[in-house]
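Open the model in your viewer and keep the selection tool ready. We will go stop by stop, and each stop tells you what to pick next.

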Protein chains: 2
Amino acid sequence: MKKLINDPTQVVPESLAGFVAAHSDLVRLNTEPDLVYVTRADNVKPGKVALISGGGSGHEPLHTGYVGKGMLDAAVPGPVFTAPTPDHILGATQAVNAEAGVVYIVKNYTGDLLNFETAAELAQASDIPVQTVVVNDDVAVEDSLYTAGRRGVAGTVIVEKIAGAAAEAGAGLAEVAAIAHEVVDNVRSMGVALSSCTVPHVGIPTFELPHDQVEIGIGIHGEPGRHRIPMTTADEIAGYLLNPIIADLGLVGGEGVVVLVNGMGGTPLSELYIVYGRVRKRMEELGIEVKRSLVGNYTTALDMQGCSITVLRTNQHMLDLWDAPVHTPALNWGNT
Amino acid sequence: MKKLINDPTQVVPESLAGFVAAHSDLVRLNTEPDLVYVTRADNVKPGKVALISGGGSGHEPLHTGYVGKGMLDAAVPGPVFTAPTPDHILGATQAVNAEAGVVYIVKNYTGDLLNFETAAELAQASDIPVQTVVVNDDVAVEDSLYTAGRRGVAGTVIVEKIAGAAAEAGAGLAEVAAIAHEVVDNVRSMGVALSSCTVPHVGIPTFELPHDQVEIGIGIHGEPGRHRIPMTTADEIAGYLLNPIIADLGLVGGEGVVVLVNGMGGTPLSELYIVYGRVRKRMEELGIEVKRSLVGNYTTALDMQGCSITVLRTNQHMLDLWDAPVHTPALNWGNT
């Protein structure tokens, strides 16, 4: 295993320390009293619904990179590929609660769900209303290692962006949760691995993938996908990912979408743009209009080579929220 | 070789097509008459000094990702790791010339220099004044494969950002060239490879690196660095890169710097933040203030695993230009 790390057991705290040092204009790291979470550097705005997400580390910039104006109020990073425990989530909740309630955005993994649910109960016991929105955008498999139902993957970024914009604009708790649910209902993803990832404290690849095969439908922790196929062209691979998404959404000509082509961590941008180009062509053939796009490493799986495609069926309300200003370490646009 | 590509000989045009489709709000791709370059989507502003950069592809987002308001007016991408020819550079020059002269920002490689110089002569023959600024920030080696003198690497991003801000603010030709030269004089970089890169049309790794070694001082095309050492910690590697930079700049306590920790393409963000954390600690020990930071994949070497560290000795004028709005596919901040 070759990684730019010091102690394999200290990857998360050391990476977090560097992250907040690099972005001290936007985020703060809490580590006292022994609770780890990242919050916005600016003050809590009284009466604003707070958005919190979190989950195992190893998917950077998810979720810490999306803390800031117009997106998350806090992110709770667990150990690599391991859910954060309820005490950390509760700590973040108490830190950013602004008396308007809190929305948890949780990727659909059993450990994350359980711990966010426990935190929600504890928060509600101290009179902080919490609504939990579960993201399950991965069409690859039903039930999987660590998951009942579909997994939550890169569509989470889109949920966080759009719900975050609603909260920033002053929407109430029910309204923020409703728009987040609407995004969840309309966003689908699927990924491919060209290589495994290697968990630092494990030190060997999570799975073996022959040099002439790729795994279609891979999970962002290296969980099994749908099937392995011989290595083939980007265009064919894009089809294997995109067709199930389009079918599951029931997309038809005339609709508008947001597209995210997401790198898994070890794949260069130039290749992601080739995949994106194929997605665009296919959408044009189908008469589906790509209204907005993101291409880059937004929800990674450590050093895995590969990518995922995410498609959101959109409407003008979602697009307006998408276009709203966002100022976070990993997404940044619009006037300050 | 596993890459998300179709035809290894068509990687650059296919990637460019996806790139401009994803960022049609910011950039345009010219391919007629058989000349390939990327320009800003908005109209040329009469009387604005035009900034053009370019070079071999494979370093994305460099240079095409830096075309836009406040940075480059055009980028000329050559084939992978191969300089663009003078006709393409001249075409870009004629396209973005706004009657105030043009500044070429060129990384110090023999082929790039030669072709940009030829283009400059042709442009000047048609009464377009051109100033060429050569970036040679890599302290690793003097002379190298493809280079006389030091190589130009990730410091180029900083030159393009600061000179671009000056041009956007209305500075004249000599002034824009002068600030670019000032940045070049004060920026230094050095990189490390944990793995080789693989050029698509070659299909095998550019060099062999044993599983227990890293190469200190690697070039962004896989050119030899200073030496190979046994794989070690991120902190030690950061020291091997940072110490020669600090020595070469003659940095002392009390000075201010901009720091870029740049990924080579195959290294996840979490590892780059660990390296950044070490750079910050070392700077604090030396009493050098890190005024601004960038951490991410800004000047890559295809799928290489590794990173580089870039340090700019800065002053208030440079910081003001750094902070000025920039709206490009790969760098985006400040009000529109």
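**Stop 1: helix H2 of chain B**

Select Gln94(B), which sits in helix H2 of chain B. Helices here are DSSP runs of H or I with at least four residues, strands are runs of E with at least two, and both are numbered from the N terminus. Before going on, note that this is a predicted model, where local features need pLDDT of at least 70, side-chain atom pairs count only at pLDDT 80 or more, and totals for chains, interfaces and linings use all residues. Residues are numbered from 1 along each chain as its sequence is written, chains are lettered from A and ligands numbered from 1 in the order in which they are written, and side-chain values use heavy atoms, with hydrogens and water left out.

Buried means under 20% relative accessible area, exposed means over 50%, and partly exposed lies in between (1.4 Å probe, protein chains only).

Now show what surrounds Gln94(B). Leaving aside neighbours within four places in sequence, Gln94(B) is in contact with Ser126(B) and Ile128(B). Contact means heavy atoms within 4.5 Å.

Helix H2 is largely enclosed by the rest of the structure, because eight of its 11 residues are buried. Among them are Pro86(B), His88(B), Ile89(B) and Leu90(B). What covers the buried residues? The cover includes strands S2 (37-40), S3 (50-57), S4 (74-80) and S5 (102-107), and helix H3 (110-125), of chain B.

**Stop 2**

Select Asp127(B), in the loop between H3 and strand S6 (130-135) of chain B. Its phi is near 65°, a positive value in a residue other than glycine. Asp127(B) counts as exposed, at 70% relative accessibility.

Go to chain A and pick Asp34(A). Asp34(A) lies in the loop between strand S1 (27-30) and strand S2 (37-40) of chain A. Its phi is also positive, near 70°. Asp34(A) is exposed, with a relative accessible area of 63%.

Return to chain B for two peptide bonds. Glu32(B) and Pro33(B) are joined by a cis peptide bond, with omega about -15°. Pro33(B) is in the loop between strand S1 (27-30) and S2 of chain B. Leu62(B) and His63(B) are joined by a cis bond too, with omega about -10°. Find His63(B) in the loop between S3 and S4 of chain B. Why stop at these places? Most residues other than glycine have a negative phi, and most peptide bonds are trans.

**Stop 3: the nonpolar cores**

Select Met283(A) and Val311(A). Of the 103 residues in the largest nonpolar core, these two touch the most other members. A nonpolar core is a set of buried Ala, Val, Leu, Ile, Met, Phe, Trp, Tyr and Cys residues joined through side-chain atoms within 4.5 Å. Not counting residues up to four places away in sequence, Met283(A) touches residues including Leu242(A), Ile246(A), Val257(A) and Val311(A). A second, separate core has 102 residues, including Ala75(A), Ile105(A), Val153(A) and Ile158(A).

**Stop 4: cysteines**

How many disulfides are there over all chains? The structure holds zero. A disulfide is a pair of cysteine sulfur atoms within 2.5 Å. Pick Cys197(A): its nearest cysteine sulfur, that of Cys307(A), is 15 Å away. Cys197(A) counts as buried, at 0% relative accessibility. Cys307(A) is buried as well, at 0%.

**Stop 5: the largest cavity**

A cavity is a set of points, on a 1 Å grid over the protein atoms alone, where a 1.4 Å probe fits but cannot get out; lining residues have an atom within 4 Å of a point. Grid points are joined across faces, edges and corners, and a volume is the space filled by probe spheres set on the points. The whole structure has three cavities of 30 Å³ or more. The largest holds about 50 Å³ of space. Select Asp138(B), Met190(B), Ile218(B) and Ser308(B), which are among its lining residues. Strand S7 (residues 187-193) of chain B gives the most to this lining, with three residues.

Key:
On a 1 Å grid over the protein atoms alone, a cavity is a set of points where a 1.4 Å probe fits but cannot get out, and a pocket is an open set with protein on both sides within 12 Å along at least five of seven lines; lining residues have an atom within 4 Å of a point.
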